[in-house]
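Trainee: Could we take a close look at one part of this model together? I would like to go through the charged pairs.

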Amino acid sequence: MKDLLKLYENKQPEIVFNWKDAETEAEGWTVINSLRGGAAGGGTRMRKGLDMNEVLSLAKTMEVKFTVSGPAIGGAKSGINFDPNDPRKKGVLERWYKAVSPLLKNYYGTGGDMNVEQGSEVIPNTENAGLWHPQEGVFNGHFKTSEAEKINRIGQLRNGVIKVLDNPKYTPDAARKYTVGDMITGFGVAEAVRHYYKIYGGDVKGKRAVVQGFGNVGSAAAYYLAQMGAKVVGIIDRDGGLINKDGFSFEEIKQLFLHKDGNALVADKMISFDEINEQIWDLETEIFAPCAASRLVKNEQISKLIKNGLEVISCGANVPFADKEIFFGDIMEATDEQVSLIPDFISNCGMARVFAYLMESRIEMTDESIFNDTSNVIKNAIQNIFDKSSSKTNICKTAFEIALKQLV
């Protein structure tokens with residue numbers, strides 16, 4: 001596996017597009033690792049301090065993810081080094097999408113990612129730049145459908161991602177009009193845990209869980225884990241967190257979800273970040289869902305969780321471990337050898353899978369069909385790992401081996 005990984009990591013990306021904003025200090029990159037299948041896909045993120053290496057690692061991650069989620073295309077990613085809280089953000093995004101639109105028209109498909117919202121930012125800006133949809137390049141480069149079929153499938157994409165959830169099984173509050181895009185990635189993170197226990201033995205019900213990050217992914221993951229009967233005992237977010245050693249009730253987690261401020265946890269009894277960061281890693285827990293930014297999870301944090309009964313990690317963040325390597329660094333490898341580690345390209349493939357599903361010909365557009373499709377893709381990926389090796393350790397290593405054999 002490591003030889004395959006080294007070959008894959010060291011392969012230079014096919015396309016690197018670099019942009020410097022004429023009106024601000026913003027700088028952006030689109031990295032297309034390959035045009036496998038004639039196209040590439042990956043979302044657009046924005047954060048202060050982002051660099052090209054982060055974008056490259058995420059592009060390679062996306063390519064691995066597509067071996068699970070489909071379609072069989074290359075991996076790409078866009079990233080903008082700029083403070084997303086800066087009032088000039090709107091203009092930066094407008095100019096960025098105009099600059100990158102030739103790629104998006106012909107062979108690159110994008111979507112929302114960290115601090116860039118699909119419905120209110122990606123779609124309006126790409127439309128203003130002359131695109132029918134942010135995924136139009138995937139249709140033109142990969143599917144090569146007739147014009148009529150392309151229009152039909154783009155219609156599915158337009159409506160599917162922003163579809164308002166009305167099935168109470170999937171939405172915390174139908175009146176608030178949560179969409180597929182709001183919930184699907186966190187749903188997948190939780191489903192990966194459920195399928196893990198069903199396939200490897202055990203039951204998610206009653207298991208204690210720690211969730212890192214309470215943004216779009218982490219809050220939804222906590223919601224669905226609690227819905228399954230898991231006991232969320234700790235939440236650590238950017239500005240603080242919460243601990244309840246007995247586990248928060250489903251209703252309490254639901255209320256935390258409904259009352260978050262954008263992507264931030266809000267609670268009356270929230271403790272400071274320094275306090276929560278000191279305490280949370282010593283909690284007794286079986287499930288850990290890292291759903292914050294990339295490369296945050298440190299070796300000492302994981303070691304403490306393992307000492308306190310950790311069984312499975314379901315990665316909501318891309319590349320969650322604080323390794324310098326693109327993929328399989330020392331922290332990830334040591335973790336994989338001690339507990340069950342479900343890699344990001346399986347557990348957080350929900351949005352990529354939704355795009356792939358909606359690009360298919362004339363699919364069913366119900367909440368249940370969309371969410372069941374994502375659940376089944378994750379289940380099949382975990383089952384394939386189990387069929388290759390039933391060991392509860394080295395799951396991530398086996399998953400990479402299965403994926404890389406399709407790419408190298």
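Trainee: Which residue forms a salt bridge with R353, and how far apart are the closest N and O atoms?

Mentor: Happy to walk through that with you, keeping in mind that this is a predicted model. The partner of R353 is D373, and their closest N and O atoms lie 2.6 Å apart. This pair links distant parts of the chain: R353 sits in helix α14 (residues 350-358) and D373 in helix α15 (residues 367-388), 20 residues apart. Now look at burial. R353 has a relative accessibility of 9%, so it counts as buried, the cut-off being under 20%. D373, at 15%, counts as buried too.

For another view, turn to R95. This arginine forms a salt bridge with D21, the closest N and O atoms being 2.7 Å apart. E23 lies in the loop between β1 and β2, 72 residues apart from R95 in helix α3. As for accessibility, D21 is buried at 8%, R95 is partly exposed at 23%, and E23 is exposed at 59%.

Stepping back, the structure holds 29 salt bridges. Some join into a network, which links R45, R47, E54, K77 and D113.

Key:
Residues are numbered from 1 along each chain as its sequence is written. This is a predicted model: local features need pLDDT of at least 70, side-chain atom pairs count only at pLDDT 80 or more; totals for chains, interfaces and linings use all residues. Side-chain values use heavy atoms; hydrogens and water are left out. A salt bridge is a side-chain nitrogen of Lys or Arg within 4 Å of a carboxyl oxygen of Asp or Glu. Buried means under 20% relative accessible area, exposed over 50%, partly exposed in between (1.4 Å probe, protein chains only). Helices (H or I, at least four residues) and strands (E, at least two) are DSSP runs, numbered from the N terminus.
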